[in-house]
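This report describes selected side-chain pairings and helix contacts, with the criteria used for each. Please consult the sequence and the structure shown below while reading.

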Amino acid sequence: MGSGSSQLAKALLNEYQELTYLTKQEILLAYKRFCELLQKENRSNIESVRIPKETFLTLPELKANPFKHRICHVFSTSEDGSMSFEDFLDMLSAFSESATLEIKSHYAFRIFDFDGDGALNEADLEQLVNHLTGEEDGTKLSSSEMRQLIANILEESDIDKDGTINHSEFQHVISRSPDFVSSFKIVL
């Protein structure tokens, strides 16, 4: 570490910049935000510390996101969903304005693939819609509305007509949606 635990080593900073879509300034800001979430006694070795998922979800940038738990699941390298600094950087990099459409669509697909089988099936699409609309009585779609919406999504997106949306079909849909790149971001 540079001058104490408040600085990120210059070599590490350069490495993180090479491995992410983040600028040095964005990495330093991420480091500051990560340290703010840590208990003071854990700040001495930032590379080996993990923030519990519940603490991580208190970040204002994630708190209101309907997919916050899925985001932690996808970017965490731990079974319990805790986040290391490198996990945090990976997440910020994928959500950065500089990340490519391919990177953004890759991670969005993984976030929406709730069962992790590599395809968005009807169950995944239902969970996706419920996350977006809410699952309360006032906002939840009726079963017939849900079936119709899923049928419409599959009709529009399922090019090979196998009843699921694979990654390349998802990328095709995303490529036709100019708002996707601008809306798939987290800014600190």
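A salt bridge is a side-chain nitrogen of Lys or Arg within 4 Å of a carboxyl oxygen of Asp or Glu. The structure is a predicted model, in which local features need pLDDT of at least 70 and side-chain atom pairs count only at pLDDT 80 or more, while totals for chains, interfaces and linings use all residues. Residues are numbered from 1 along each chain as its sequence is written, and side-chain values use heavy atoms, with hydrogens and water left out.

**Salt bridges**

Five salt bridges are found in a search of the whole structure. Three of them are listed here, including two that involve Arg33.

| Salt bridge | N to O distance |
|---|---|
| Glu36 and Arg33 | 3.7 Å |
| Arg33 and Glu61 | 2.8 Å |
| Asp87 and Arg50 | 2.8 Å |

Helices (H or I, at least four residues) and strands (E, at least two) are DSSP runs, numbered from the N terminus. Accessibility is classed by relative accessible area: buried means under 20%, exposed over 50%, and partly exposed in between (1.4 Å probe, protein chains only).

Glu36 and Arg33 are about one helical turn apart, because they lie three residues from each other in helix H2 (residues 24–37). Glu36 is partly exposed, at 46% relative accessible area, whereas Arg33 is buried, at 15%. Arg33 also forms a salt bridge with Glu61. Since Arg33 belongs to helix H2 and Glu61 to helix H4 (residues 60–63), this pair ties together parts that are 28 residues apart in sequence. Glu61 is partly exposed, with a relative accessibility of 22%.

In the pair of Asp87 and Arg50, the closest N and O atoms are 2.8 Å apart. Asp87 is buried, at 2% relative accessible area, and Arg50 is partly exposed, at 30%. Through shared partners, salt bridges join Lys32, Arg33, Glu36 and Glu61 into one network.

**Helix packing**

Axes are lines fitted to C-alpha atoms, for helices over the stretch in contact, and angles run from 0 to 180 degrees between N-to-C directions. Angles under 35 degrees count as roughly parallel, over 145 as roughly antiparallel, 65 to 115 as roughly perpendicular and the rest as oblique. Contact means heavy atoms within 4.5 Å.

Helix H7 (residues 101–112) packs against helix H10 (residues 167–175) at an angle of about 120°, with axes 10 Å apart. H7 is therefore oblique to H10. Among the residues that make this contact are Leu101, Phe109 and Phe112 of H7 and Phe170 and Ile174 of H10.

The axes of helix H1 (residues 10–19) and H2 cross at roughly 115° and come within 9 Å. H1 is therefore roughly perpendicular to H2. In this contact, Leu13, Asn14, Tyr16 and Gln17 of H1 meet Lys24, Ile27 and Leu28 of H2.

**Surroundings of Ser157**

Ser157 is part of helix H9 (residues 143–157). Ser157 is buried, with a relative accessible area of 6%. Leaving aside residues up to four places away in sequence, Ser157 touches Ile165, Glu169 and Val173.
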